There are 2 protein chains.
Amino acid sequence: MKMSDTSDLRAIGIDFGATTVKIAALPDILEEGATPPLVLETASYGSVEHLIAAIAEAVDEIQSRHKNMIALGCGVPGLVDFERGFVHTLTNVPGWQDIALRDLLERETGLPVFIDNDANCMAYAEWRYGAARGCRNVVALTLGTGIGGGLIIEGKLYRGSSFAAGEIGQMSIDYEGSPGPFGLPGILEGFIGNRQISEMAASRLQHQPVCDGGWSPRRVAELAAEGDPEALQLWLDIAGYLGSLLSSIAWLINPDAFVIGGGVANAAELLFDPLEKKIRGSVSTVISADLRILPARFGNEAGIVGSAAQAMDAVEEEPR
Amino acid sequence: MKMSDTSDLRAIGIDFGATTVKIAALPDILEEGATPPLVLETASYGSVEHLIAAIAEAVDEIQSRHKNMIALGCGVPGLVDFERGFVHTLTNVPGWQDIALRDLLERETGLPVFIDNDANCMAYAEWRYGAARGCRNVVALTLGTGIGGGLIIEGKLYRGSSFAAGEIGQMSIDYEGSPGPFGLPGILEGFIGNRQISEMAASRLQHQPVCDGGWSPRRVAELAAEGDPEALQLWLDIAGYLGSLLSSIAWLINPDAFVIGGGVANAAELLFDPLEKKIRGSVSTVISADLRILPARFGNEAGIVGSAAQAMDAVEEEPR
């Protein structure tokens with residue numbers, strides 16, 4: 001059942017991170033000059049219960065400002081059981097193991113709640129409101145310390161048989177490489193995770209003064225923009241590694257869009273120009289013709305937008 | 001609209017190959033002691049029109065034997081536009097370029113016709129009647145001279161944005177390998193296509209007498225079964241290459257089954273035992289727990305079964 005007029009329906013999104021929990025309302029967060037999200041420091045609450053109580057308070061506050069909230073979405077940095085609203089583990093959030101987060105939040109807020117992985121939320125945000133609007137099959141990825149991904153297949157978020165699909169950072173580009181944390185050799189994250197980029201930079205850019213924060217991808221991008229040939233080559237290599245994997249994924253999925261976000265993606269044309277060249281030079285013309293390679297629209301707000309949008313659409317589709 | 005009683009509905013399947021065109025009826029072909037398919041020699045018809053006419057005759061003959069035929073499916077070895085029923089190119093079938101095969105066959109037979117890639121037909125056959133019955137997300141592949149694949153996603157054949165998905169043989173396992181025909185280095189087909197297996201065998205099995213047909217995967221399997229350590233190692237290597245790619249695909253798709261068919265898959269436990277070990281040692285427990293790695297049920301009949309089943313299901317779903 002679809003509701004006939006959905007224009008004033010709203011949902012609340014929670015971006016649950018290891019450092020902060022950010023909470024805001026959709027579609028308001030998309031508007032120019034929107035109220036910034038409410039922010040809680042994840043580590044400053046001693047227990048799961050205390051953090052849940054603080055989230056519920058923030059949700060109340062948002063509901064007092066915005067009417068017509070029909071759902072609450074929550075994106076978390078880890079593996080979830082989407083169907084049962086269950087968090088298996090959260091990366092870098094101690095104490096969050098095997099938590100029935102959906103039930104806890106539903107009890108505290110009275111709203112229908114949907115829990116999903118943060119990379120899935122990012123993919124949904126980009127497909128629903130962002131760079132990949134109107135696409136049917138989308139492979140989205142975020143480049144950072146870890147590399148996550150999400151898939152939109154035939155206009156629906158695809159989660160996989162046990163809600164673990166889209167782990168692009170764990171895919172291999174070198175069957176003879178050094179083993180990743182789960183045993184597979186040569187995984188993408190081991191080539192272009194932030195830490196690996198810093199290490200490459202440290203060994204190749206010794207002619208440049210190291211700045212305080214060490215070799216961040218941003219610093220390497222600055223040096224490349226200034227014309228340092230080693231820094232430029234480093235970006236070419238990053239595009240080569242990533243392009244190899246995305247070409248393989250294009251052969252498998254034949255998507256209409258790749259959407260790439262996260263810190264490294266800020267390097268813009270340093271990354272996107274060689275990446276596009278690499279991919280188009282590695283797939284058939286039929287696959288290339290329908291394929292767009294797009295920078296993500298959303299940055300920090302992807303988790304809020306995606307989790308809220310998913311929850312809103314799920315309730316609209318099938319009201320509880 | 002679903003028809004209420006579908007037990008006596010039938011469809012005709014055509015397995016259109018470079019050497020032969022095989023035609024039979026579903027579900028009859030699945031029965032013990034079924035009439036063998038009608039077989040036409042592809043090359044013995046001088047033109048597309050003559051071959052189409054011969055196919056139409058064969059279809060008539062089958063219809064005179066079996067009633068209730070509601071659809072005709074045709075699986076072809078090449079790239080198709082599924083929506084328009086259009087064949088772009090057929091591998092190894094000269095003269096078949098840009099042919100409106102669906103319209104030609106509909107005109108000649110009067111049946112609703114559906115054209116698809118043969119690897120998609122194989123995936124559909126295995127999901128609908130074969131090894132992967134009851135699964136939701138399936139990655140199927142056939143190992144042969146070429147390596148093809150097909151995807152079932154959420155219980156539907158997934159074709160991709162331009163009907164070119166599932167090209168598993170074109171995916172890379174080595175970003176530094178030698179370039180494949182479309183430019184991507186280190187593609188799977190370049191490691192374990194039949195020709196590559198023969199070449200590996202020729203260089204590594206020089207202590208064994210070469211038999212007339214050269215080093216077929218079958219001969220290498222025989223030597224491995226006899227305990228030749230080089231032949232055994234060669235199968236381990238094949239499992240390693242294939243396992244590396246399938247592990248990556250498992251991280252991306254989180255399927256409940258891989259189905260593997262084609263000549264090389266006949267090596268049975270020589271391939272499947274180390275392959276299973278490699279994959280389970282390369283993915284998370286959550287992904288591994290729901291994943292089965294299965295030999296295909298169908299061999300030569302996969303194309304007929306899959307193309308007929310697809311056509312039958314499509315017409316049932318949405319009668320024309």
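Biologist: What makes A:Asn254 count as buried?

Modeller: This is a predicted model. A:Asn254 has 25 C-beta neighbours inside 10 Å. The cut-off for buried is 20 or more. A:Asn254 therefore counts as buried.

Biologist: Where is A:Asn254, and what is its phi?

Modeller: A:Asn254 sits in the loop between helix 7 and strand 12 (257-262) of chain A. Its phi is positive, about 50°, although A:Asn254 is not a glycine.

Biologist: Now chain B. How do you know that B:Phe163 counts as buried?

Modeller: The count for B:Phe163 is 22 C-beta neighbours inside 10 Å. Buried needs 20 or more. So B:Phe163 counts as buried. B:Phe163 belongs to the loop between strand 11 (156-158) and helix 4 (189-192) of chain B. Its phi is near 60°, positive in a residue other than glycine.

Biologist: What is the hand of the crossing of helix 7 and helix 8 of chain B?

Modeller: That crossing is right-handed.

Biologist: Which residues meet there?

Modeller: From helix 7 of chain B come B:Trp235, B:Leu236, B:Ile238, B:Ala239, B:Gly240, B:Leu242, B:Gly243, B:Leu246, B:Ser247 and B:Ala250. From helix 8 of chain B come B:Leu270, B:Leu271, B:Pro274, B:Leu275, B:Lys278 and B:Ile279. By kind, this contact has twelve nonpolar residues, three polar and one charged.

Biologist: And why are helix 7 and helix 8 of chain A called oblique?

Modeller: Helix 7 (residues 229-253) and helix 8 (residues 269-280) of chain A pack at an angle of about 45°. Their axes are 8 Å apart. Roughly parallel would need an angle under 35 degrees, and roughly perpendicular starts at 65. Helix 7 and helix 8 of chain A are therefore oblique to each other. Helix 7 of chain A passes helix 8 of chain A in a right-handed crossing. Among the residues in this contact are A:Trp235 and A:Leu246 of helix 7 of chain A, and A:Leu271 and A:Lys278 of helix 8 of chain A. The contact residues divide into twelve nonpolar, three polar and one charged.

Biologist: Take helix 5 of chain A. What puts its buried residues on the same side?

Modeller: The buried residues of helix 5 (residues 194-204) of chain A are A:Asn194, A:Ile197 and A:Ala201. They cover an arc of only 60° around the axis, which puts them on the same side of helix 5 of chain A. They pack against helix 4 (189-192), helix 6 (217-225) and helix 7 of chain A.

Biologist: What does the face turned away from the buried side of helix 5 of chain A carry?

Modeller: That face carries the exposed residues A:Ala202 and A:Ser203.

Biologist: How do you know that the buried residues of helix 2 of chain B are on the same side?

Modeller: Helix 2 (residues 101-109) of chain B has B:Leu101, B:Arg102, B:Leu104, B:Leu105 and B:Thr109 as its buried residues. Their arc around the axis is only 165°, so they are on the same side of helix 2 of chain B. Their cover includes helix 1 (48-65) and strand 4 (69-76) of chain B. After helix 2 of chain B comes B:Gly110, with a positive phi near 75°.

Biologist: Last, the interface. How many residues of chain B are in contact with chain A?

Modeller: 42 residues of chain B are in contact with 42 residues of chain A. Helix 7 of chain B gives the most to the chain B side, with nine residues. That side divides into 21 nonpolar, 16 polar and five charged residues.

Conventions:
Residues numbered from 1 in each chain as written. Chains lettered and ligands numbered in written order. Predicted model: local features only at pLDDT ≥ 70, side-chain atom pairs only at ≥ 80, totals over all residues. Contact = placed C-beta atoms within 7 Å. Helix = DSSP H or I, 4+ residues; strand = E, 2+ residues; numbered from the N terminus. Nonpolar A, V, L, I, M, F, W, Y, C, P; charged D, E, K, R; others polar. Buried ≥ 20, exposed ≤ 12 C-beta atoms within 10 Å, placed from the backbone. Arc of directions from axis to C-beta. Left-handed = near helix turned anticlockwise from the far one by under 90°. Axes fitted to C-alpha atoms, helices over the stretch in contact; angles between N-to-C directions. Parallel < 35°, antiparallel > 145°, perpendicular 65-115°, else oblique.
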